[in-house]
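Work through the exercises below with the sequence and structure open. Each task is followed by a worked solution.

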Amino acid sequence: MSIFFDKSQNIFHLSNNEISYIIGIEKEKYLTHRYFGCRLKGYHKINQLQTIDRGFSTNPIGEERTFSVNTLPLETSTQGSLDYRVSNYQFRNIEGNHITNFVYDRFEILEEKLILKGLPSLRGEKEQTLAIYLVDHVQLLEMVLYYTIYDDLPVITRSVEYKNNGEKAVYIENAGSMLLDFSRCDFDLMTLNGAHTNEATIHRQSLHPGIQKIGSTRGTSSPQHHPFLGLADKYTNEDQGDVYGFHFIYSGNFIAQAEVEQYGSTRIQIGINPENFEWKLIPGSNFQTPEVVLNFSDGGFNQLSQTFHKLYQTHLIPKQWQQEERPILLNSWEGNYFDFTERDLIRQARIASTLGIELFVLDDGWFGCREDDTTSLGDWNVNKEKLPNGIEHLADSIHQQNMKFGLWFEPEMISVKSHLFKMHPEWSLQVPGYPQTQGRQQLVLNLSLPEVQEYLIGILVKYLSSNKIDYIKWDMNRHLTEVGSFHLPNDQQKEVSHRYVLGLYRILIEVTEQFPKVLFENCSSGGGRFDPGMVAFMPQTWTSDNTDALCRSKIQFGYSYLYPPIMMGSHVSDSPNHQVGRITPLESRFLIAMSGNFGYELAIEELSPQELDVIRDQITFYKSHRSLLQFGQFFRLKEIDAAYSTAWLFKNETEALLVYFNGLAQPAQKIQYLKTKYLDEASDYKDMSTGEIYSGSELNHAGILIPRIKGDFRSFHTHWTVIE
Ligand code: DGJ
């Protein structure tokens, strides 16, 4: 891995064994994007910049009419003059003007990964970072573009720091994290979109002239759009072709856009959503943007996913969880909702323990007067009617059953019906004179307020200091409205959304660092805030409130483009399913849940003895393959088809497991051989249910016959061990 400045050509060449990223300096002023893709051994500007005298193209004074910044591939926009494409930043000065003129000033190569203060970012080991400084000499503003290249992965990270070295305050109206111009537009755009209970559907469509964008203005990254863009060649599929992935490490409002402009180039821009955003940059201060991950694959979507999985497992989640096995859990929610007593829970835990379950999670309903979802958020004291002996006693009883104990919180919220609201109505987000809006009958705490941050840190520290809580489920069940804050002056009200996210990160940094052994699970009504920003603190996320096996196969399939199975909470729930009413076999529910971060969430006392036996066997099976399922490689084998069938594969050095999930049973079932594609060609594999031995190459290329499947939503698995 290296970052090299070639003085003779005025280019920066960032490269490792797999990729090259090349930045040019034109006219000693403008930063051009010259190349991003497979590693280049050398670069001598074969792909010359095109300079044509174009209509409506502006030129810097003193330059030829053939030189226009508006047609150059850039690394950052020149907003307000010269460049009319979407911009990466926008300033407004005290006089009300938007114009800036940033030009290249200098560079620096840092011998480490830039770690962002107060924001989640990827960790590094021996990475280098290129810092390119641009200056607006009129207002003495500085913009630093940061690039880190990873040593062992085809990954670059980018972020920007905006600084005010002048004497007057300026307002940043748009603080983008990354801009990049590709000199072509024949790409497909990939996005992950959805809704509550229907997250992460993959959309692939041709780019077309104009701007195609996704984003969130909801205060969180949202289930509606994931902060991710992919750019794939037309012929790219799972195993071949080029694809770029851009993923934003941020949990609040974002924008991710692709602009196809008049001469056929594509501009990618990602950052905090400028809608409802502004930041007052006082003299001497700086603003650091969140980070963007740039991942390149020349081996199709599979390679892109393998890189994301490895990158996030090794450089994003808290270090102590990298190799740590995750417990099988029983979550109380769908089995009890708000209706439980201590005795009920202890009885359920006893059954769970005999089945081999390792963690008992008490979900919503344990605090204040919480009989339903209309009250008590903010009152984090135990409900003595349900739990007369308190949380610690319950935790002790669970520990006595040889299980860990986990507890649900929704720290960011406040119910109007709560003591906290009586004492501190001003702590909820609000704008003077306007009625507050409720979502799930609750308001949102103003996490930009330092006193609210302190309050929440205090509550969590108090509970965790007892050392009896091994796991926290951190939920967040509505989006932000009336985003205002009394502690900020009028001209800083548009800072609140970002300050909210910074407040959230501050709490998470303090609490997770103080209690590194506590396992945190991220949740926002499922995958409503499943983003790399949250993943940096919480190594697993409740993927969706939809626990139906069929729906989950699609949701987990979508998220698998970016996250490995160990990061996706997935539970066996009751049938008929509570969200969609579907009846599915227990085996299918198991195989889908087992393909994520595994647990159960059902009325355990209502299971028949036969069902309990099946579950006991499932758990035994899971435990004997835990290392494969949690730390092995995951491969998609089959795209979800019209009948909702799909297949995937887990693999490590010693074993492999294939899961085939069939949606609707088909008449006249077609002959189908499923190729495992990714097994080691040189190894032999023993089918553990038949004892038959097959070569990896025949499994990969000839494939296994899909058996006749009768009945809807059936599934099967095949397990092989590698023969020495
Ligand atoms: C939404 C979560 O996604 C559910 O799993 C559950 O924790 C409920 N909230 C509790 O209110």
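This is a predicted model: local features need pLDDT of at least 70, side-chain atom pairs count only at pLDDT 80 or more; totals for chains, interfaces and linings use all residues.

**Exercise 1. Helix 1**

Find the span of helix 1 and decide whether the helix is enclosed or open.

Solution. Step one: helix 1 covers residues 300–315, which makes 16 residues. Step two: from first C-alpha to last, helix 1 reaches 22 Å, close to the 22 Å expected at 1.5 Å a residue. Step three: check burial. Of the 16 residues, 13 are buried, so helix 1 is largely enclosed by the rest of the structure.

**Exercise 2. A surface patch**

Solution. Step two: locate isoleucine 671, which sits in the loop between strand 33 (655–661) and strand 34 (673–674). Step three: apply the cut-off. Exposed means over 50% relative accessible area, and isoleucine 671 has 70%, so it is exposed.

**Exercise 3. Backbone geometry**

Describe the peptide bond between serine 575 and proline 576, then the phi values of threonine 197 and asparagine 276.

Solution. Step one: the bond joining serine 575 and proline 576 is cis, with omega about 5°. Proline 576 lies in the loop between strand 29 (568–573) and helix 10 (586–594). Step two: threonine 197 has a positive phi, near 70°, and is not glycine. Its loop runs between strand 11 (187–195) and strand 12 (198–206). Threonine 197 is partly exposed, at 26% relative accessible area. Step three: asparagine 276 also has a positive phi, near 65°. Asparagine 276 belongs to the loop between strand 17 (266–272) and strand 18 (279–281). At 42% relative accessible area, asparagine 276 is partly exposed.

**Exercise 4. Salt bridges**

How many salt bridges does the count come to, and what do the pairs of glutamate 75, arginine 92 and glutamate 510 link?

Solution. Step one: the count comes to 42 salt bridges. Step two: glutamate 75 pairs with arginine 158, with the closest N and O atoms 3.0 Å apart. This pair links distant parts of the chain, 83 residues apart: the loop between strand 4 (30–38) and strand 5 (89–93), and strand 9 (residues 155–164). Glutamate 75 is buried at 0% relative accessibility, and arginine 158 is buried at 2%. Step three: arginine 92 in strand 5 and glutamate 278 are 186 residues apart. Their side chains meet at 2.7 Å, N to O. Glutamate 278 is buried, at 9% relative accessible area. Step four: glutamate 510 pairs with arginine 506 at 3.1 Å between the closest N and O atoms. The two are four residues apart in helix 7 (residues 496–514), so about one helical turn separates them. Glutamate 510 is partly exposed at 34%, and arginine 506 is partly exposed at 24%. Step five: shared partners join Asp83, Arg85, Asp181 and Arg267 into one salt-bridge network.

Technical notes. Residues are numbered from 1 along each chain as its sequence is written. Side-chain values use heavy atoms; hydrogens and water are left out. The expected span of a helix is 1.5 Å times one less than its number of residues. Buried means under 20% relative accessible area, exposed over 50%, partly exposed in between (1.4 Å probe, protein chains only). A salt bridge is a side-chain nitrogen of Lys or Arg within 4 Å of a carboxyl oxygen of Asp or Glu.
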